[in-house]
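Colleague: I have a protein model open and would like to learn how to read it. Could you take me through it feature by feature?

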Amino acid sequence: MIDISESVMQFLLAFLVVAPLAGAAAALLPAPPGLRGTSPDQAVLRHGVTVTGAVLAAAIVLTLGFDHDRPSRMQATTDIGWIPALDVRIHLGVDGISLPLLVLTALLTFLCALYSYFNMPAGPSPKAFVALLLVLESGTLATFAVLDLLLFFLAFEMVLIPMYFLIARWGGEGRRPAAWRFILYTLLGSVVMLLGLLLIGLKAGTFDMVALATDNGRDITTSVQVIAVLAIGIGLAVKTPMWPLHSWLPDAHTAAPTVGSVLLAGVLLKMGTYGFVRIALPITPDGMHTLAPYLAAFATAGIIYGSLACLSLARTGARGDLKRLIAYSSVGHMGFVLLGIATMTPTGVNGALFANIAHGLITGLLFFLVGAIKDRYGTADLDTLAGATGAALYGRAPRLGGLLAFAAVASLGLPGLAGFWGEMLALFGAFRPAEGLSRPAFLTFMAVGAFGTLLTAAYLLVVVRRVCMGAKPAPDQPVLPDVQRYEFAAWSPLAVLTVVAGLWPAVLLGLTDPAVQKLLAGGKS
Amino acid sequence: MTVAAPSAPAAGDLVQSVDWAAIAPPTIAAVAALVVLVADLFVPKRRVKLLGWGAIAGLVVAVAALVPLREGDRSTFCLTTGSGACSYTADHFTLVIQFLVLGGALVTALLSLHDTEEDLPAGEFWFLLLSSAAGAALLPASRDLATLVVALEVASLPAFALVGLKRGDRMSGEAALKFFLSSVTATAVMLLGVSFVYAATGTLHLTEIAQNLDDVPARLEMLAEAGVALTLVGFAFKTAVVPFHFWVPDTYVGAPLPIAAYLSVVGKAVGFTGLILVTVIAFPTYADVWGPALAVLAALTMTVGNVAALRQVPTRAWSAVRLLAWSSVGQAGYLLVPIAAAAYSGDDQIGATVAYALMYAVVNLGAFAVAALVARTHPSNRISDYRGLYATRPGAALAMGFFLLCLAGLPPGIIGLFAKVTVFSAAVDAGLGWLAVVMGVNVVIALYYYLQWTAVLFRAPEGAPGEGTPADRPVPVKQPVPVAVTLAIVVTAAAGVVLSGYPQFVLRFAADTLF
């Protein structure tokens, strides 16, 4: 939009990856004089807000400087050698696929830092908390910015340790086993993924994603491609998570602190789907072609499984935890994303990328809201909250209730809000999958997926009824504080963007579509 | 170096000039050992620290002597006729391993400096350590079986004494005896193997063995095969490869802590170097035999080591050292993978073992250095003793966390991650997919216990409320730390950090042929 020289763009992208790391190291050091604040804790939390704010600002400037007329071209690229022995290069770049994810990550991390500044989760010192949050941000941003397979793996692994400690130290009940399950599952997945990446790199002779994508898998035999996609897919599917590899997710979300859940759902899950789009589709198209129907089948199973699990959690007397419920709903939503990718058509993949962003915004908001409810009531247990008639949030904290209803409706895919377009496009893609894929199978998946949207609507409306509505509160009940100013500041960007993306989807689709077309066509377009 | 070419014909020119610069590194270590032993007679009791600094200086000079050799093209003690095979070669492989061995001995010396003032007899200790280091430095350069066996024994015999050096400690003696018996068995088996190979091929030079094994007379074939197998078994013993690993945990626990560190790094390096030399240089003809065998042994070794490490109870006495001991068995399994891969796709894979060994040496010595620090206040060295280390010694805790994550191979331990990537890539390249998958599972198992230990470091100290402010907690009394131990931790941590920023320093060995 505005003209920024290429070297500044390069700097901005490198800054996005490096600044949080430097900030993490700085957070561990004592604050310099003049920046001490009222207490060491306050100073370090403010440091977190400053650094993530600077990163967000850099991401926004990067977006402004991005050449929106040619989003399929890699921009702001840096390519320097790092480990010649392994042929690993520090190759960074951003195109229409990664740009929205970079901005989403920077935004969500900033909002989380802001939220924790006012509402630090209970646990040990905030110093480590801020440092871990920043390392996490650096790892996710690096995942979306790097263009080298081994560097991608490094960035993918970088988020594990911070997330483990965030859950294990600042989490709620059952946090230790949940944190272990999270890290062991994802590590096992990513080791298998590493084998697939190495197989590709060794057979094709390069680890450079751009070169490999341009090559479009011509140098790799189909059998190798199938094995590589299987290995890489397992690693990415654990992270996404795809049913039946999802079982780490509900526990991790239930135990994680609010900001941990927001980041886990908002950005960490996207690393898996991004990997499918960036690696599996362009680099090993033949292998993906063979395995796409299975991926679609698992994705559809995930849609139905996630919604049914949510429905059973939302029942009266099921003692369902709201955070767990939203975690299961993520399994369903990510199912739509995977279904879109499995169609291997521009429509489906665009839908998947759109649903990715929409899920980050909406589920991030939902986790914030549920965290706030848990803070106020001391529990997220649906039965305890709802009591006999309902929690009556509309009556007791109208703004909070209104926002919750808004987020729930957005999540179920109401037209006009962000949740709608992605899932619709994914289903459209399944209606006419790529050539060579079995159309009847995909039509079945489409029908089942469409039925899943009905189930999704059902459980979300049940949740809204039980949490937001209810008998008029008795006068002797304690007053619930409504949305505070800082909460408003942290949540309103998400709500606004949900509406904007819903009303003006071209903002996102205009970015992703050319890039997706190019990826699917290999070097040809 | 004492072994002249054994098969030199009488007619040849028996007088040859010795390239003293090439053999300087092991020679300097050996000379320093003798000097320290003699000096011990004259140095008064209260100045005993001088001996330690003398030994350290000797090792530093030995390391420095590697610099002029960096071209990697020297060799000496060569046959004057025929193939011209040499007994001592200072190629890149030799130099890297010599650097590893001497550097490892140097860190061990730093760690033991304080102990020798109190518990250990100084003169004997330094003499034994330096002799062992000299043997270990000679081994990678040896290119005939006789020199190889002599070097191996020079490296091992002092190690038995070092393990048993704790005065009046029953466990130390028992550990030394176990180590001695298993090692002597290994040597006996290996010598038998070597003699069979000699009988079948008529030479001791590794390169000539490789040629002659190709056309062994049919009636000697059985003998040659048995010789190869027995020689490999001997080296497997030394490297603590499953099923020859049982001596490791007891020996490590009984030995003085720095010696356990020495065995885990230098002792391993010695075994692996020998294994690489005999497999890749001497017995490439039998690659179809030792390749699959080593692959199976690698899978077994890493699984057994990691599962045993996983089963360590953190509150048991010496659990920290036991865990490090078992995990070193597991790591030995990873080191074997590229050697096995070399059987399928050529010697280039050996570089991955060398790169991994360098990484492992740095971070494992670092972990032992922190363990030595903690052992000063908690002599029984349980893993639970590390709880709250961050509160009392943040620097040591951060370093330990870094070392453990390097061993686990996860960021921020980037060098650990990439060293594992090279090993994985060797396996994938050689088509050993199943071994790569077994290794992947093992990496996850290993992560569990390494991360558990890391988490303990940062937990609130025992007795202090988890959420109290630091001011509420009783201020622990800090004991002063010996300078040498701090130096060892700082050096290893700095090396680890630098390597993480620029892994090419060690990974370059994975890319080229070293021989």
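Colleague: In which loop does Pro412(B) lie?

Modeller: Elements first: helices (H or I, at least four residues) and strands (E, at least two) are DSSP runs, numbered from the N terminus. Pro412(B) sits in the loop between α16 (394-408) and α17 (414-429) of chain B. The peptide bond that joins Pro411(B) and Pro412(B) is cis, with omega about 10 degrees. Chain A has a cis bond as well, between Thr240(A) and Pro241(A), where omega is about -15 degrees. Pro241(A) is in the loop between α9 (222-239) and α10 (248-255) of chain A.

Colleague: How should I read those labels, and what kind of model is this?

Modeller: Residues are numbered from 1 along each chain as its sequence is written, and chains are lettered from A and ligands numbered from 1 in the order in which they are written. This is a predicted model: local features need pLDDT of at least 70, side-chain atom pairs count only at pLDDT 80 or more, and totals for chains, interfaces and linings use all residues.

Colleague: What is the mean pLDDT of chain B?

Modeller: pLDDT is the predictor's confidence in each residue, from 0 to 100. For chain B the mean is 85, and 93% of its residues reach 70 or more. Over residues 465-475 of chain B, however, pLDDT stays under 50, and residues 1-11 of chain B also stay under 50. Where pLDDT is low, the predicted coordinates should not be read in detail. For the complex, the predictor gives an ipTM of 0.89 and a pTM of 0.90.

Colleague: Which residues other than glycine have a positive phi?

Modeller: One of them is Phe77(B), with phi near 55 degrees; Phe77(B) belongs to strand β1 (residues 74-78) of chain B. Another is Trp318(B), at about 60 degrees, in the loop between α12 (287-310) and α13 (319-345) of chain B.

Colleague: Are Phe77(B) and Trp318(B) buried or exposed?

Modeller: A residue is buried if 20 or more other C-beta atoms lie within 10 Å of its own, exposed if 12 or fewer, and partly exposed in between, with C-beta atoms placed from the backbone. Phe77(B) is buried, with 24 C-beta neighbours inside 10 Å, and Trp318(B) is buried with 20. Across chain B, buried residues make up 59% of the 515 residues.

Colleague: How do β1 and β2 of chain A pair?

Modeller: Two strands pair if DSSP finds at least two bridges between them. Strand β1 (residues 75-83) of chain A and β2(A) are antiparallel, over six bridges, and Ile80(A) stands opposite Ile90(A) in β2(A). Their hairpin has four residues between the strands, and there Asp87(A) takes a positive phi near 60 degrees. Six of the seven residues of β2(A) (residues 88-94) are buried, so this strand is largely enclosed by the rest of the structure.

Colleague: How many residues does each chain bring to the contact between chains A and B?

Modeller: Two residues are in contact if their C-beta atoms, placed from the backbone, lie within 7 Å. Chain A brings 24 residues and chain B brings 29. On the side of chain A that touches chain B, the elements giving two or more residues are α5 (149-158), α6 (160-170) and α7 (175-204) of chain A. α7(A) gives the most, with 11 residues.
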